[in-house]
Each structure stands twice: as structure tokens, then as C-alpha cells.
Amino acid sequence: MSNVLIFTVDSFTSVPFAGNPAGVCLPDTPKETGWMQKVAAEMNLSETAFLWPRGADYELRWFTPKVEVDLCGHATLASAHVLWQSGRARGDSIAFHTRSGVLTAARRTDAIELDFPALERRKADPPVGLLGALGLSRALFVGANQHDYLVEVESAETVRALQPDFARLREVTGAVRGVIVTARSDEQRRDIISRFFAPGAGIDEDPVTGSAHCALAPYWAPKLGKNEIRAYQASERGGELLVTLRGDRVTLLGKAATILQGTLVV
């Protein structure tokens, strides 16, 4: 097998060692699913992206260390960053063919804007034990979409202080990917705060989750009375996003920094 370039990129940050690290693997041709899953497990990051040319566009798939996922924002941002930084992409936009349809990335001065589908939530009764597994006694709202539960709590401080029981959370969430917990921000420079937990997908807490904001944007836009939302994900690493609801689409604006470049030799 020929050598394959692979990168580690910190997404939704302008400085190294913050934001959400993603793997980006660049084989020249499609690879077998099992091989990609093994590489993602070896990288042991929340997601590793695999992309190869498809005409003028790119095929893109995402894997956690345990499973393939249908939508991932930070690894898509990392992929676009690598393609432009390495000179493989030369225009101002890139189209990715994914399990969630065609997603695009566009260069915006010193940042990258992703165009993703909006994920509409429906009000839902929480599964038995969900709030307890999160360490909550009550919630202002519980909803669900095709990927995750969404839980609004009373304060930003509640979001920051969460200490979930991940073993219990894995049991009660079942086949759902994860749980988004959110509140209004208590800082003037930000509108909302959130955290994202996905132990069933092999990620106890994801540092910065672009796809979660595809659900947060349509949820918060009518509550805040505006479509452009300044979001902060309050993981240990932390991450900043500018999120805009545009009809049935959500744009995510963020930066990225390459941390490591290497070669797979197997």
C-alpha cells in the first residue's frame, strides 16, 4: 500500500491546543470501511475524516474511534483547512459529498464557513434516567432530532457545572448519538452556551461540535429574536462559533490550526 498523508487539526480555534482536534486522512482512492474505522481508532480523536477526489469535488466520511457518523462539523472544517493549506484546493469553495448530502466550505478572509442542514427538533419526553445521568433534577425543555437529544437548562452555570455519569448516559441514550445541553450565555459577548456528550459513540464529551449547532441554531434563533448567534461550547478545551440560521440551512464560521502532519505506512 502506498503511503497516505494524515493530519491532526484543531478546529473552531485560532490557536493550537484549543478547540476540537480532528484527524484528516487523504487517500487518493476510496478505502474499505473497516480500514478507515481502524485508522480512526488508532488516531483516537473524537472524529477522523477520510476524503478523496470525486471529480472537482471530494467524497467525505467521518469516523469516531467506535462508529461511522452521519454528520460532523469540526472534521469538515479541518478537511477544508487541510485542502486549502496543502494547495489541493485552489478555489474559494469546496463541495463534499457525504451521508448528509452535499456540504460546502467557503473561504471567508481568515476563517472558513460551512453550509450544513438545519436539524429541527421536536419536543420529546426524556428517556427514563436521562436527566439523572446528566446530574440534573429538572430541565426547561427536552427535545430530539434524528441524531441527538437537546436539553435546555436554566443557566449557563448549570451547563458549566455538569458532571454526567457517562456509564448511565450510555445506557439511557440507546441508539441516539448524544445529548446537547444548552442555556443562554451569561456573558455579553456570547448568546448561548452548550456542551455535548456522546458516550454511545465512544466520546464522553466532545470539545466543540459543529453538527450540534445545526440543532442549536433553529432552536435558539426564535427565542433570541435573531438568526446570527454567537456560540460557545464550554468543554475543557472550549470553542467559539458564529452560527447563522438561513432557512433550512445553518452556516458555521470558524478557524483551524494544523498541529501534526504525518504519513500512514500501513
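**Second pocket**

I began with the residues that line the second largest pocket: Phe12, Thr13, Ser14, Ala111, Glu240, Leu241, Leu242, Leu253, Gly254 and Lys255. This is a predicted model, where local features need pLDDT of at least 70 and side-chain atom pairs count only at pLDDT 80 or more, while totals for chains, interfaces and linings use all residues. I number residues from 1 along each chain as its sequence is written, and side-chain values use heavy atoms, with hydrogens and water left out.

I needed the terms next. On a 1 Å grid over the protein atoms alone, a pocket is an open set of points with protein on both sides within 12 Å along at least five of seven lines. A cavity is a set of points where a 1.4 Å probe fits but cannot get out. Lining residues have an atom within 4 Å of a point. Points are joined across faces, edges and corners, and a volume is the space filled by probe spheres set on them.

The second largest pocket holds about 170 Å³ of space. Strand E16 (239-246) and strand E17 (249-254) are the elements that give two or more residues to its lining. I took strands as DSSP runs of E with at least two residues, and helices as runs of H or I with at least four, numbered from the N terminus. E16 gives the most to this lining, with 3 residues. By class I find 5 nonpolar, 3 polar and 2 charged residues there. Here Ala, Val, Leu, Ile, Met, Phe, Trp, Tyr, Cys and Pro count as nonpolar, Asp, Glu, Lys and Arg as charged, and the others, Gly among them, as polar.

**Largest pocket**

I moved to the largest pocket, which has about 230 Å³ of space. Its lining has 14 residues, and Glu68, Val69, Ala175, Val176 and Arg177 lie nearest the centre. The classes come to 6 nonpolar, 4 polar and 4 charged.

**Cavity**

How many cavities of 30 Å³ or more does the whole structure have? My search finds 1. The largest cavity has about 60 Å³ of space. Its lining is Glu47, Leu71, Cys72, His74, Arg177, Phe196, Ala198, Ile203, Asp206, Thr209 and Ser211.

I looked up Thr76, which sits in helix H2 (residues 73-85). Is Thr76 buried or exposed? Thr76 is buried, with a relative accessible area of 0%. Buried means under 20% relative accessible area, exposed over 50%, and partly exposed in between (1.4 Å probe, protein chains only). A polar atom of the Thr76 side chain lies 2.6 Å from the backbone oxygen of Cys72. I count a polar contact as a pair of N or O atoms within 3.5 Å; within protein, one must be able to donate a hydrogen and the other to accept it, and residues adjacent in sequence count only if both atoms are side-chain atoms.

Thr64 lies in the loop between strand E4 (57-63) and strand E5 (68-69). Thr64 counts as buried, at 0% relative accessibility. A polar atom of its side chain lies 2.9 Å from the backbone nitrogen of Lys66. The side chain of Thr64 also reaches the backbone oxygen of Ala201, at 2.8 Å.

**Ends of helix H5**

At the start of helix H5 (residues 166-173), a side-chain oxygen of Asp165 comes within 3.3 Å of the backbone nitrogen of Ala167. Gly174 follows H5 and has a positive phi, near 60°.

**Rings**

I paired rings of Phe, Tyr and Trp (its six-membered ring) if their centres lie within 6.5 Å; planes under 30 degrees apart count as stacked, over 60 as edge-to-face and the rest as tilted. The count comes to 5 aromatic pairs. Why is the pair of Phe141 and Tyr219 tilted? The ring centres are 5.1 Å apart and the planes of Phe141 and Tyr219 stand at 35°, so the pair is tilted. Phe141 belongs to strand E10 (residues 141-144) and Tyr219 to helix H6 (residues 210-224), 78 residues apart. Both Phe141 and Tyr219 are buried. Tyr219 also pairs with Trp220, edge-to-face, at 5.5 Å centre to centre and 80° between the planes. Elsewhere I noted a cluster of Trp35, Phe50 and Phe63, linked by ring pairs.
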